Amino acid sequence: MNLKKSAAAFDRAKNFMPGGVNSPVRSYLSVDCNPPFIARAQGSKIFDIDGNIYVDYVGSWGPMILGHANPKVVDALKKSVERGTSYGAPTELETQLAELVQKIFPSMKVLRMVNSGTEATMSALRLARGFTGRDKIVKFVGCYHGHSDGLLVNAGSGAATFGEPSSPGVTRGTAQDTIALPYNDIDAVEKIFEECGEKIAAVIVEPVAGNMGLVLPKENFLPKLREVTQKFGALLIFDEVMCGFRVALGGAQEKYKITPDLTCLGKIIGGGLPCAAYGGREDIMRNVSPDGKVYQAGTLSGNPLAMTAGIETLKILIDTPNFTENITKKTSALVDGLKLVAKKFSVSAQIHQAGSMFGIFFSANDVTNYEESAAANQNIFKKWFIEMLEQGIYLAPSQFETLFMSAAHNEEDIQKTLAAAEVAFKKISSELE
Ligand SMILES: *Cc1c(COP(=O)(O)O)cnc(C)c1O
């Protein structure tokens with residue numbers, strides 16, 4: 001595969017941007033190769049500036065559930081752009097999108113649009129603190145909720161009560177209000193609540209975790225989180241920025257029948273434009289400014305282009321019969337095929353699926369939390385990634401990322417992917433001997 005133009009473009013980009021990118025994972029650091037630079041995308045395919053064509057399972061990291069450049073979304077955007085790109089004033093579009101979101105996520109009685117998942121979780125946590133009058137929050141190691149200071153925190157050593165900054169620039173003071181616990185470990189959650197439950201404002205969780213690879217919640221984890229938070233008067237925040245609209249149309253809360261107090265959405269809600277939202281119980285949400293005193297604002301929030309792309313996307317999700325069922329079946333066909341190929345070549349792999357999300361760990365053991373995810377074989381992952389890329393299959397360049405099926409992927413894409421996987425697994429297994 002020729003990536004000459006991409007390599008030159010990458011060199012130029014590095015002069016101007018850290019790592020040549022505007023979000024770190026795009027630099028392909030963990031797979032030791034240069035990223036293709038993208039020229040355009042259509043349906044299930046993405047095209048680089050060197051003329052290579054790939055079947056895309058990154059989908060812009062989740063948003064492109066309809067595939068790229070869906071004609072209905074593109075048409076609506078063309079019309080919208082002619083009417084001006086931003087007003088900083090109320091529009092009917094915002095209410096329309098809010099209504100659609102509420103139809104799909106009935107727990108979001110009142111909601112606020114923001115521009116990124118980072119903003120949604122940051123604002124939801126501020127609101128939880130404002131509402132409860134408490135300072136501490138609980139998060140889980142390996143869950144990613146965006147890059148606000150209080151969420152860039154790992155478990156501290158020793159008595160896990162105080163978190164440690166996971167990035168320079170996050171103050172110890174900030175980190176100390178975040179308690180980081182292992183995912184799926186309900187005993188650790190109950191213990192911390194017994195110790196200091198009256199100080200905890202909220203538990204924030206990816207109810208299906210997609211940022212340590214794809215890790216599913218154990219059977220009792222979410223119901224117990226609901227129970228414990230309720231008992232101690234802390235809020236339960238579902239960060240469904242990734243799993244919303246994917247594990248079920250109404251997200252993990254629909255699939256697992258748990259009602260969180262607040263929900264964060266992003267990615268799909270903007271149909272490929274920058275948009276996210278937080279919302280939930282009315283008595284909590286009415287504390288947001290200007291109804292209440294918890295401040296939060298945004299110059300471009302509720303932007304008409306983003307609202308338009310979101311509205312068109314959610315309408316298609318709602319109006320297409322069996323949308324989620326079909327995309328889930330397609331994902332299962334690929335995942336089942338990959339499992340067979342792994343078995344055929346005796347490569348130890350854990351292949352997980354939740355709706356239209358899927359992921360692969362090169363490990364002989366179950367993966368239920370970050371520690372187990374990090375123990376998977378990253379060298380094999382790297383080989384797998386490169387072998388697939390060279391055959392025109394565009395996967396996320398890190399085992400800690402999730403892969404996404406779109407409505408635009410067809411049988412041919414899946415067969416092509418499985419044929420490429422045969423070649424990749426064969427090579428891996430011969431090197432393992
Ligand atoms: C992507 C993601 C975020 C952050 O969203 P951005 O729009 O990148 O700020 C937050 N939470 C989860 C679960 C995500 O997957």
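Biologist: What makes β13, β14 and β16 an open sheet, and in which order do the strands come?

Modeller: The three strands line up as β13-β14-β16 with antiparallel pairing. Strands are DSSP runs of E with at least two residues, numbered from the N terminus, and two strands pair if DSSP finds at least two bridges between them. The edge strands, β13 (350-354) and β16 (403-404), each pair on one side only.
By the way, this is a predicted model, where local features need pLDDT of at least 70 and side-chain atom pairs count only at pLDDT 80 or more, while totals for chains, interfaces and linings use all residues. Residues are numbered from 1 along each chain as its sequence is written, and side-chain values use heavy atoms, with hydrogens and water left out.

Biologist: How do you know that β14 and β16 pair?

Modeller: Two bridges join β14 (residues 357-361) to β16, and the cut-off is at least two, so they count as a pair. In one of them Phe-358 has Leu-403 of β16 as its partner.

Biologist: What makes you say helix α11 packs on the sheet?

Modeller: Helix α11 (residues 323-344) touches β13 and β14, where contact means heavy atoms within 4.5 Å. The direction of α11 makes about 175° with that of β13; axes are lines fitted to C-alpha atoms, for helices over the stretch in contact, and angles run from 0 to 180 degrees between N-to-C directions.

Biologist: Why is one space called a cavity and another a pocket?

Modeller: On a 1 Å grid over the protein atoms alone, a cavity is a set of points where a 1.4 Å probe fits but cannot get out, whereas a pocket is an open set with protein on both sides within 12 Å along at least five of seven lines. Two cavities of 30 Å³ or more turn up here. A volume is the space filled by probe spheres set on the points, which are joined across faces, edges and corners.

Biologist: What makes a residue part of the lining of the second largest cavity, and which elements supply at least two?

Modeller: Lining residues have an atom within 4 Å of a point. Among those of the second largest cavity are Gly-359, Trp-384 and Leu-403, and β14 and α13 (378-390) each supply at least two.

Biologist: And which residues lie nearest the centre of the largest cavity?

Modeller: Asp-56, Gly-59, Met-64, Ser-406 and His-409, out of 15 lining residues.

Technical notes: Helices (H or I, at least four residues) and strands (E, at least two) are DSSP runs, numbered from the N terminus.
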